Amino acid sequence: MNQRFLCIHGHFYQPPRDNPWIEHLEQQESAAPYHDWNERITTECYAPNGAARILDDKGFISQIRNNYAELSFNVGPTLLAWMEKQAPDTYASILAADRESVQRFGGHGSAMAQAYNHLIMPLANRRDKVTQVRWGLKDFERRFGRQPEGMWLPETAVDIETLEVVAEHGITFTVLAPHQAARVRAPGATSWTEVPNASIDTTLPYRATLPSGKSIALFFYNGPLSRAVAFEGMLSNGEVFARRLLSGFKSDIGQPQLAHIATDGETYGHHHRFGEMALAYALKQIEADKAARITNYGEFLALHPAVWEVQIAENTSWSCAHGVERWRSDCGCNIGMDAKWNQAWRKPLREALDCLRDRLAELFERKGREIFLDPWAARDAYIDVVLNRTPAQKERFFAAHLHPTQIQQRISAWKLLEMQRHALLMFTSCGWFFDELSRIEGKQILSYAARAIQLAEELSGESLEEPFLKSLALAKSNVIEVGDGRMLWDAAIKPKVVKLEQVAAHYSVRSLFKRYEEHDNVYCYQVHRDAFELFEGGRSRLAVGKVRITSDITEESARLCFGVLHFGDHTLNGGVKRFVGDSDYDAMVSSVGQAFERADLAEVVRELDRHFDKLTYSLASLFHDQRRAILDLILASTVREAEASYRELKHRHAPLMRFLRRMNLPVPRAIKLAGEFVLNNTLKDALAAPSLDLEQVLRLLDEAKAEALEVDRDSLTFSVTGAVARATKGLSQRPHDLSSLQALLDAVMLVGTSGLDVNLWPAQTALWAVTERHYPGLAQKGRAGDARASLWADRFAELANALRMRLPT
């Protein structure tokens with residue numbers, strides 16, 4: 001029996017990124033060309049690990065494997081929540097892998113739970129530790145359909161109280177870095193042995209006996225091997241990776257030993273391109289050679305219970321050499337963005353948020369006692385609503401936790417609970433991890449703080465913002481233009497705060513460009529349209545209406561009316577106010593409508609200003625993603641006008657340009673730029689067509705080469721990637737359709753001809769699925785004389801060859 005066990009743990013995590021007011025992840029320009037970092041890293045890492053390619057000696061794909069099924073892994077709950085909606089195929093592959101691992105590893109699933117939103121547990125009070133664990137467990141059970149055995153501690157940050165809390169909740173093990181062990185004791189021994197400088201034997205599991213009398217198993221991963229995987233290029237070759245993993249075993253010692261590593265899961269594909277392929281190959285090779293038995297922590301612990309004891313080094317983590325100081329002081333840990341920078345801002349940021357947390361807790365207890373049977377029990381159970389905001393679930397929650405006499409306090413109850421949810425989210429560890437306060441991570445946790453403050457002030461009438469900002473002002477940015485935390489708040493956080501009036505403003509501005517239904521939604525708000533009129537004249541438009549807006553989250557609701565005037569292009573003005581009565585609304589519609597019909601726009605503005613006190617809303621009032629969409633719509637007509645002018649210029653001077661090229665004379669820059677503009681726009685339009693015309697695109701590329709016109713390769717890569725994606729979807733939906741097969745073949749051939757760096761992994765994965773489900777049967781029909789099946793099989797083989805995939809013989 002093989003005594004050598006191998007376990008690879010991947011910690012797959014992204015911080016929560018939603019706009020707290022609309023519960024939506026808005027576009028992040030730094031992730032371009034992707035919409036946001038979740039989407040980008042899913043494309044580069046999370047999705048490929050669910051279908052990792054293994055190549056044969058000719059470089060053709062011979063196998064596709066779900067890496068998650070052979071790993072130990074945890075995925076952050078907030079990341080899984082995003083995946084469930086935005087990347088359902090990847091989400092499904094992760095859940096399927098855990099089910100497969102239960103069968104593979106003796107009833108022990110490979111997925112571990114995680115403390116909910118990745119706050120640093122030793123820096124949290126006990127009450128917050130408990131909620132983090134309970135929310136993490138509930139989220140795990142809802143998704144994976146079983147109770148977890150292990151729980152990942154964010155940044156492996158640990159203290160005794162944290163271990164007590166997780167052990168109280170039935171967790172049997174967690175994973176730590178080797179330097180987090182202080183001393184060990186052998187079975188039957190009475191004295192402890194110090195293990196300084198990460199010298200603990202990582203091939204054994206250990207048992208930590210806690211002050212309460214409970215115990216928990218601890219695994220200490222192989223530090224040097226884990227660092228080599230993460231930082232030393234070990235994933236450049238699958239064979240090398242396999243050999244290095246096996247070096248984690250000691251010489252044959254006649255007893256079971258576990259070689260195991262732990263890294264960020266993003267190592268496999270995001271930090272190291274094609275890292276998921278090296279991982280898949282190494283696992284396959286080790287299994288084939290029977291060099292070790294692949295396992296997970298739960299199975300190994302069941303087979304070989306911990307008999308050695310360990311005491312931990314408290315207040316330590318895997319990513320800070322100074323314990324947990326990275327999340328509360330200028331300890332020197334950073335990612336090296338600028339050697340002149342410091343992280344002294346971390347301390348005042350932590351202190352400001354700690355003080356805010358305590359103020360919010362006092363308010364929650366004071367107000368919560370009036371509404372809930374037990375406020376903190378209600379907070380712990382609130383995760384059931386966060387995971388499922390259906391009316392039935394809300395009623396079940398209230399029946400269990402609300403005082404029967406306080407049912408009319410529903411809105412206050414939801415606000416109290418949301419205030420506490422954001423009070424937890426504002427401690428997400430990434431806010432301190434990096435080098436500068438004003439990065440997107442710092443802004444994100446401050447946005448959560450702003451939402452918590454807003455709800456607290458609405459509930460209490462007390463001012464919490466000013467005392468918080470006095471403390472936050474002590475956090476000095478490294479960027480001169482940013483200044484300090486208070487200045488950052490005023491510039492980047494305060495403007496994001498949303499009330500129902502801002503939702504109505506968004507609705508009113510967008511209604512100029514999109515027709516809403518009578519019952520519609522704006523992100524997490526329901527909008528019921530009571531009245532709406534749209535006046536149009538030339539390039540100008542006027543929209544007036546009255547609506548009821550209701551928050552899906554807090555159930556807060558209000559009737560509002562609006563009027564907004566669009567002058568054309570990006571210029572518009574509008575106002576919103578609480579609805580006070582039909583006569584007031586009708587008077588507004590009449591006065592602004594009559595002025596618009598007279599084409600007296602100045603009078604329209606005056607009337608709007610009179611009815612709404614002041615016109616404070618514009619295109620900037622749209623939420624970020626919709627603002628981008630509307631601007632694209634407005635710009636499209638401008639671009640079309642410019643393109644028509646450039647096309648005419650190019651056409652008129654084409655003979656002269658050809659003559660200049662024959663004479664090897666330079667083409668005037670203005671005319672060349674016009675030609676490049678027309679060419680790139682024509683390419684973009686051709687590649688956006690529902691059906692790809694390969695000959696047209698190739699002809700345009702030939703034209704660019706012949707006329708020495710520069711192709712925008714970034715834009716072309718993005719457009720070709722979209723064309724491949726549409727063709728891939730078409731084949732997945734209609735695998736027997738020859739035209740769908742040809743469409744994908746054309747798109748793949750274009751990639752090869754253009755030399756673009758297009759990620760063909762999605763097409764390869766889809767074709768692999770079609771190969772397994774459809775190819776053998778249709779190929780057999782073709783060999784039996786079915787002409788159409790034979791043609792399909794031939795074309796399919798051509799596509800497989802273009803995608804460098806080995807077909808079954």
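This is a predicted model: local features need pLDDT of at least 70, side-chain atom pairs count only at pLDDT 80 or more; totals for chains, interfaces and linings use all residues.
The crossing of H20 past H21 is left-handed. On the H20 side, the contact is made by Ala587, Met588, Ser591, Val592, Ala595 and Phe596, while H21 contributes Leu601, Glu603, Val604, Glu607, Leu608, Arg610, His611 and Phe612.

Ala32 and Pro33 are joined by a cis peptide bond, with omega at about 10 degrees. Pro33 sits in the loop between strand S1 (4–12) and helix H1 (37–50). Glu23 is also placed in the loop between S1 and H1, and its phi is near 55 degrees, a positive value in a residue other than glycine. The relative accessible area of Glu23 is 28%, so this residue is partly exposed. Lys290 likewise has a positive phi, near 55 degrees, and is found in the loop between helix H8 (275–289) and strand S13 (293–294). With a relative accessible area of 66%, Lys290 is exposed.

Turning to charged side chains, the model contains 53 salt bridges. One of them pairs Asp98 with Arg146, whose closest N and O atoms are 2.8 Å apart. Because Asp98 belongs to helix H3 (residues 88–104) and Arg146 to the loop between helix H4 (126–144) and strand S6 (151–152), the pair ties together parts that are 48 residues apart in sequence. Asp98 and Arg146 are both buried.

Another salt bridge brings Arg410 and Glu555 together, with 2.9 Å between the closest N and O atoms. This pair links distant parts of the chain, 145 residues apart: Arg410 is in helix H14 (residues 410–425), and Glu555 is in the loop between strand S17 (540–551) and strand S18 (557–568). Arg410 counts as buried, at 18% relative accessibility.

H14 also provides Lys415, which meets Glu458 in a salt bridge (2.9 Å, N to O). Glu458 lies in helix H16 (residues 440–460), so the bridge connects parts 43 residues apart in sequence. Here Glu458 is partly exposed, at 36% relative accessible area, whereas Lys415 is buried at 9%. Elsewhere, salt bridges with shared partners join Arg65, Glu70, Glu100, Arg104 and Glu287 into one network.

Technical notes: Residues are numbered from 1 along each chain as its sequence is written. Side-chain values use heavy atoms; hydrogens and water are left out. A crossing is left-handed if the near helix is turned anticlockwise from the far one by less than a right angle, and right-handed if clockwise. Helices (H or I, at least four residues) and strands (E, at least two) are DSSP runs, numbered from the N terminus. Contact means heavy atoms within 4.5 Å. Buried means under 20% relative accessible area, exposed over 50%, partly exposed in between (1.4 Å probe, protein chains only). A salt bridge is a side-chain nitrogen of Lys or Arg within 4 Å of a carboxyl oxygen of Asp or Glu.
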